[in-house]
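Me: I would like to learn how to read the features of a model, one after another, with the general idea before the case. Could we start with the surroundings of a single side chain?

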Amino acid sequence: MISYREAASAKLNLSLNVLERLPDGYHTLESVMHTVSLHDDVDLAITEEGDWQIRGEGLPIPLNETNLAWKAAEIYFRDSGFRPGLRIHIHKRIPSQAGLGGGSADAAAVFRILNRHYGLYDEAQMIEKAMQAGSDVPFCLAGGAKLVRGRGEILSDVPPLQQASFLIVKPFCACSTAALFRAIDEEPERPAADTQALCDAMKRGALRDVGALLRNAFEPVACRLYPEIAEVLDQLRSSNCLGAILTGSGSACYSLYENALEAQMAAKIFQEKGLQCFCASSNETD
Ligand code: C5P
């Protein structure tokens with residue numbers, strides 16, 4: 001038996017534009033994504049043959065073939081001629097249905113481990129496999145900071161933020177990505193993120209400008225469907241932050257700070273209300 005461990009980092013959308021609705025109902029996107037220090041740990045033990053098992057600790061996860069980590073393994077081995085025994089263990093910290101890419105991060109960790117072990121696929125093939133697991137999985141495979149386009153499969157490098165601190169707050173409501181995409185189709189107008197200006201600010205390392213440019217097209221519709229999200233965002237914005245937005249299709253929201261202490265101070269009010277809060281850094285290894 002050979003065992004591997006991978007960190008599966010949460011992602012934040014610093015910007016998100018929903019562009020075109022395609023004939024199959026999917027949408028093209030343009031989003032700057034950034035991994036942060038909040039992460040799950042994925043352990044994978046591989047035996048030559050045997051059954052597959054999945055176990056978890058921390059936050060609850062599905063312990064069967066519906067888990068995206070399991071699906072990733074299915075996708076990896078499809079048509080490969082390999083069918084080893086697998087033991088997947090996930091230490092879950094990233095809340096689900098939050099827009100933090102938690103399930104996608106676990107799936108990406110499984111893909112990375114399996115390709116390290118078997119080396120069956122090149123980068124382009126891995127992106128293609130990752131897309132079969134979900135639109136955020138190609139980004140989670142790469143990590144860091146990326147401009148993500150298409151349905152999530154076109155990635156280009158953006159300089160990661162240095163020493164930025166985030167407060168991530170998860171409202172009690174959970175958002176369905178599919179429902180939010182349906183709702184946004186009905187919106188006459190969406191707030192547009194200035195992706196180019198955001199990328200330029202990241203290149204300059206201008207954190208204040210980054211804070212002012214945070215923008216997510218889902219935010220108005222999510223705030224209308226879930227007033228609790230609007231409340232959390234108002235409270236985040238009244239802290240000493242450089243900016244605050246919804247991440248992905250929600251329901252988690254986050255604010256950006258120049259230092260960790262400010263994020264910790266701002267967390268108190270949410271902790272008192274019993275909301276899940278995470279102080280995270282732009283540096284994955286913190
Ligand atoms: O790819 P993922 O499983 O995250 O997508 C969940 C749902 O969100 C899809 O079934 C689809 O309805 C919607 N979606 C979309 N366009 C995308 C990504 C997701 O319409 N680019």
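Reply: Contact means heavy atoms within 4.5 Å, and by that criterion K92 touches D40, E57, G58, L59, I61, G102, G103 and D106, where residues up to four places away in sequence are not counted. Before we go on, please keep in mind that this is a predicted model, in which local features need pLDDT of at least 70 and side-chain atom pairs count only at pLDDT 80 or more, while totals for chains, interfaces and linings use all residues. Residues are numbered from 1 along each chain as its sequence is written, and side-chain values use heavy atoms, with hydrogens and water left out.

Me: Where is K92 placed, and is K92 buried or exposed?

Reply: Helices (H or I, at least four residues) and strands (E, at least two) are DSSP runs numbered from the N terminus, and K92 has its place in strand β4. Buried means under 20% relative accessible area, exposed over 50%, and partly exposed in between, with a 1.4 Å probe and protein chains only; K92, with a relative accessible area of 6%, is buried. A polar contact is a pair of N or O atoms within 3.5 Å, where within protein one must be able to donate a hydrogen and the other to accept it, and residues adjacent in sequence count only if both atoms are side-chain atoms. In this case a polar atom of the K92 side chain lies 3.5 Å from the backbone oxygen of G102.

Me: Which residues is A109 in contact with, leaving aside its neighbours within four places in sequence?

Reply: A109 is in contact with E6, A8 and V42 once those neighbours within four places are set aside. A109 lies in helix α2 and counts as buried, at 0% relative accessibility.

Me: How should I read a sheet, and in what order do the strands of the open sheet stand?

Reply: Two strands pair if DSSP finds at least two bridges between them. Here 4 strands form an open sheet in the order β9-β10-β7-β11, with antiparallel pairing. The edge strands, each pairing on one side only, are β9 (243–246) and β11 (276–281). For angles, axes are lines fitted to C-alpha atoms, for helices over the stretch in contact, and the angles run from 0 to 180 degrees between N-to-C directions; neighbouring strands of this sheet are turned by 20 degrees against each other on average, direction ignored. Within the sheet, 5 bridges join β7 (residues 165–170) to β10 (residues 253–257), and F166 stands opposite L256 in β10. Helix α10 (residues 260–272) packs on the sheet, touching β7, β10 and β11, and its direction makes about 15 degrees with that of β7.

Me: Which residues does F270 contact, apart from its neighbours within four places in sequence?

Reply: F270, which is found in helix α10, is in contact with L167, V169, V232, Q235, L236, L275 and C277, apart from those neighbours within four places.

Me: What should I look for in backbone angles?

Reply: Most residues other than glycine have a negative phi, and most peptide bonds are trans. D79, which is not a glycine, has a positive phi of about 60 degrees; D79 lies in the loop between α1 (68–77) and β4 (85–92) and is exposed, with a relative accessible area of 80%. Q97, in the loop between β4 and α2 (102–118), likewise has a positive phi, near 50 degrees, and is partly exposed at 47% relative accessible area. The peptide bond from G250 to S251 is cis, with omega near 10 degrees, and S251 is found in the loop between β9 and β10.

Me: Finally, which residues are around the ligand?

Reply: A residue is near a molecule or strand if one of its heavy atoms lies within 4 Å of it, and around the ligand these are G25, Y26, H27, L29, G134, S135, R151, T177, A178 and F181. A polar side-chain atom of H27 lies 2.7 Å from an oxygen atom of the ligand, and a polar side-chain atom of S135 lies 2.6 Å from a ligand oxygen atom. Accessible areas come from the Shrake-Rupley method with a 1.4 Å probe, and for residues only the protein chains shown count as cover; the protein covers 71% of the 450 Å² of accessible area that the ligand has on its own.
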